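Dear colleague,

I am passing a structure on to you with this message, and my notes on it follow below. Please read them with the model open beside you.

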Amino acid sequence: MASNRIHRINEEIQKELSQAFRALKDPRVQGGMVTITHVDTTSDLRYARIFVSVLDKSREKDVIRGLRSASGYLRRELGAALRLRYTPELQFLADDSIEHGAHILEMLRDPNVVKPANPENESLAPDGEED
């Protein structure tokens, strides 16, 4: 039952921080598209790891630095919105799971990497791709 509570708190943290990101005035964060992919809070609610994905990978380190510098403001906003006994300390981490998933999907679509299970189907064209 406690894990269900942590799960709900993680979802609330993700929702509130997503809204708070819009209010940040830091140009490192404001300029790019930043998405919170996952929140992982410890069971004692002292720490929350926030996994962030940035659309422009070249700016990822700057965005993480900007979020870390704004963590005090974000924590205060989070504390006002959630009304928990302890407001978790926020730790921002870069998340490359979306990029990793896109890479796997690209590999699966490459016929040189993935061979058909049935060689007789090799001559069949996928849907919509006829000669």
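**What was found**

A salt bridge joins the side chains of Asp-62 and Arg-65, at 2.8 Å from N to O, the term standing for a side-chain nitrogen of Lys or Arg within 4 Å of a carboxyl oxygen of Asp or Glu. This is a predicted model, in which local features need pLDDT of at least 70 and side-chain atom pairs count only at pLDDT 80 or more, while totals for chains, interfaces and linings use all residues. Residues are numbered from 1 along each chain as its sequence is written, and side-chain values use heavy atoms, with hydrogens and water left out.

Asp-62 and Arg-65 are three residues apart in helix α3, and so are separated by about one helical turn; helices (H or I, at least four residues) and strands (E, at least two) are DSSP runs, numbered from the N terminus. Asp-62 is partly exposed, with a relative accessible area of 34%, and Arg-65 is partly exposed as well, with 46%, where buried means under 20% relative accessible area, exposed over 50%, and partly exposed in between (1.4 Å probe, protein chains only).

By the salt-bridge rule the count comes to six. Among them is the bridge between Glu-60 and Lys-57, at 3.5 Å from N to O, in which Glu-60 counts as buried at 18% relative accessibility, whereas Lys-57 counts as partly exposed at 31%. Another is that of Asp-40 and Arg-49, at 2.3 Å from N to O.

The rings of Phe-21 and Phe-92 have their centres 6.3 Å apart and their planes at 45°, so the pair is tilted; rings of Phe, Tyr and Trp (its six-membered ring) pair if their centres lie within 6.5 Å, and planes under 30 degrees apart count as stacked, over 60 as edge-to-face and the rest as tilted. The pair links distant parts of the chain, 71 residues apart, with Phe-21 in helix α1 (residues 2-23) and Phe-92 in strand β3 (residues 89-94), and both residues are buried.

For orientation, the protein chain has five helices and three strands, and buried residues make up 27% of its 131 residues.

With kind regards
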